[in-house]
Amino acid sequence: MIRRLLLIAVLSATGSPAATVTDGILTGAGATFPLPLYERWFDLFGQETGVRAIYQAVGSGEGVQRLMGKWVDFAATDAYLTNEQMRLAPAAVVHLPTCVGAVVITYNLPGQPELRLTPEILAAVFLGQVTRWSDERLAAVCPGGSLPRQKITVVHRSEGSGTTFIFTDYLAKVSPAWQARVGRGTKVTWPAGIGVEGNPGVAQFVARIPGSIGYLELNFAVQQRLTAALLQNRHGEYIKPSPVSVSAAAEVELPPDTRILLTDTPVPGGYPISAFTYLVVYQEQAYDRRTRRHAAALARFLQWVLTTGQEHTTSLFYAPLPAQVRSQSLNLLSWLTYDGQPFLVP
C-alpha cells in the first residue's frame, strides 16, 4: 500500500498556482463537468490507500494551462488537446477517458412541462432566433398543448469551458447556421443570452429565473432538481439523458489515443450530447524533481479510476466507460514511463 501522504495547499496567498508539486502530493485542476464524481473518487481512493489529492475545478482551459506549466500532476478536461496544443506542449501527453457525461438542456417553466427539442430548434434558441416559449416551432414538437407566451432567457458559460466545447461542437455538427455564425470552442462569441461561470452557476441561475434555458452537466441539473429536455437524435428518437442513454452513446470505435467526440452519436438510443471527460498527464513522469514513488502514486490512482472507480459513476448520474474503452484506457497506462522505462503494467 502506498504510504499515507500529508495534504498541503497548492495555492499561495495570492491565489496563484504553485510552481512545483511536492513529492507524493497528487494535484490536479480543470473541468467542473466531472467535479462531483472526482470529489467522490478522491475521497474513496484516499480512504483505501492513504493517498490524498487536491483538485481545483477552474475549468478545462485553465486546467490544461496549469498542466502545460507543470503546476499540477494532471489536467481534467472535457475538450481533449488539439494537435496544435499537443505540438506546443513541453512533452508528450496521454489522454485517459474517465467516464461518460452528458450536457443537458435545462429550463425553468411553470409546471415544468415536458420539453422536446430537435437539433434545429435548439440551435435557433441559442442563436436568438426563437425568443418566446410560445413559438410555433416549439409547439409543433412538444406534447400537451402550447407553452407559455414568455420570453426565453438564454444562459451560457462566460469562461473557457469544456462543457461549452461539447455543447457548441454538437450545435456545429447539427446546424449549418450555427457553424457559420458561431462555430465550436471552449469559449465562443454568443449571439444571445447571459453568461455565468461554472456548471453550478448555470444551475443556480436557471433555478432562479423563470423562462430561462441553459446547458450544464447532468449531475448539476439533478442536484438543483432541474428538468432536462428530451433531445432528438439522428434516428429521430427523443432521448432522455440518463446513465444508460449516455453510456450507449459511447459504444463507438476509438482511435488509438482515445481522442474522440461523441456528440451527435450514430448509436440508436444514445443521448446526442454525450462526451468523454479526460485526465491528461505527461507520458514521461521523471520531470521537475518528481520521484518514482510520486509517479507511481499517480499511476495507481489512474488505474483505480479505470477499475474500482467505475463502480461509483451511476450513483452521481455519470455513465461508466464501456468495457472496450476501459480496456483501451488501461492499456494506455503502459505508455507512462519513468526515466524512459515503463513502471506500471495494468
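N233 is placed in the loop between strand 10 (230–232) and strand 11 (238–239); helices (H or I, at least four residues) and strands (E, at least two) are DSSP runs, numbered from the N terminus. The structure is a predicted model, in which local features need pLDDT of at least 70 and side-chain atom pairs count only at pLDDT 80 or more, while totals for chains, interfaces and linings use all residues. Residues are numbered from 1 along each chain as its sequence is written, and side-chain values use heavy atoms, with hydrogens and water left out.

With a relative accessible area of 5%, N233 is buried; buried means under 20% relative accessible area, exposed over 50%, and partly exposed in between (1.4 Å probe, protein chains only). Leaving aside neighbours within four places in sequence, N233 is in contact (heavy atoms within 4.5 Å) with I239, V267, G269, G270 and P272. The C-alpha atoms of N233 and Q328 are separated by 27 Å, the two residues being 95 residues apart along the chain.

K240 belongs to the loop between strand 11 and helix 10. This residue is exposed, at a relative accessible area of 60%. Not counting residues up to four places away in sequence, K240 touches L230, S245 and Y271. Between K240 and G269 the C-alpha to C-alpha distance is 9.3 Å, at a sequence separation of 29 residues.

T258 counts as buried, at 0% relative accessibility. The other is D264, which lies in the loop between helix 10 and strand 12 and has a phi of about 55°. D264 also counts as buried, with a relative accessibility of 14%.

The largest nonpolar core contains 114 residues, of which I105, L122, F167, I273 and F276 touch the most other members. A nonpolar core is a set of buried Ala, Val, Leu, Ile, Met, Phe, Trp, Tyr and Cys residues joined through side-chain atoms within 4.5 Å. Strand 4 (residues 93–107) supplies the largest share of this core, ten residues. For I273, the contacts beyond four places in sequence are G101, A102, V103, I105, L122, I166, F167, Y170, L231 and T263.

Strand 4 also holds T106, which is buried with a relative accessible area of 0%. Residues up to four places away in sequence not being counted, T106 touches V206, S212, I213, G214, L216, L226 and T227. T106 and R225 are 119 residues apart in sequence, and their C-alpha atoms are 9.9 Å apart in space.

Helix pairs were described by their axes, which are lines fitted to C-alpha atoms, for helices over the stretch in contact, with angles running from 0 to 180 degrees between N-to-C directions. The axes of helix 4 (residues 119–126) and helix 6 (residues 162–174) come within 10 Å and cross at roughly 120°. Helix 4 is therefore oblique to helix 6; angles under 35 degrees count as roughly parallel, over 145 as roughly antiparallel, 65 to 115 as roughly perpendicular and the rest as oblique. P119, L122, A123 and F126 of helix 4 form the contact with F167, Y170, L171 and V174 of helix 6. These residues comprise eight nonpolar, no polar and no charged, where Ala, Val, Leu, Ile, Met, Phe, Trp, Tyr, Cys and Pro count as nonpolar, Asp, Glu, Lys and Arg as charged, and the others, Gly among them, as polar.

Helix 1 (residues 35–49) and helix 11 (residues 292–306) have axes that come within 11 Å and cross at roughly 115°, and their crossing is right-handed. In this pair, W41, F42, L44, F45 and E48 of helix 1 meet R300, F301, W304 and V305 of helix 11. The contact residues divide into seven nonpolar, no polar and two charged.

Helix 11 also packs with helix 12 (residues 323–333), the axes coming within 10 Å and crossing at roughly 170°. Helix 11 is therefore roughly antiparallel to helix 12. The contact involves A299, L302, Q303 and L306 of helix 11 and R326, S329, L330 and L333 of helix 12, a set of five nonpolar, two polar and one charged.

Notes:
A crossing is left-handed if the near helix is turned anticlockwise from the far one by less than a right angle, and right-handed if clockwise.
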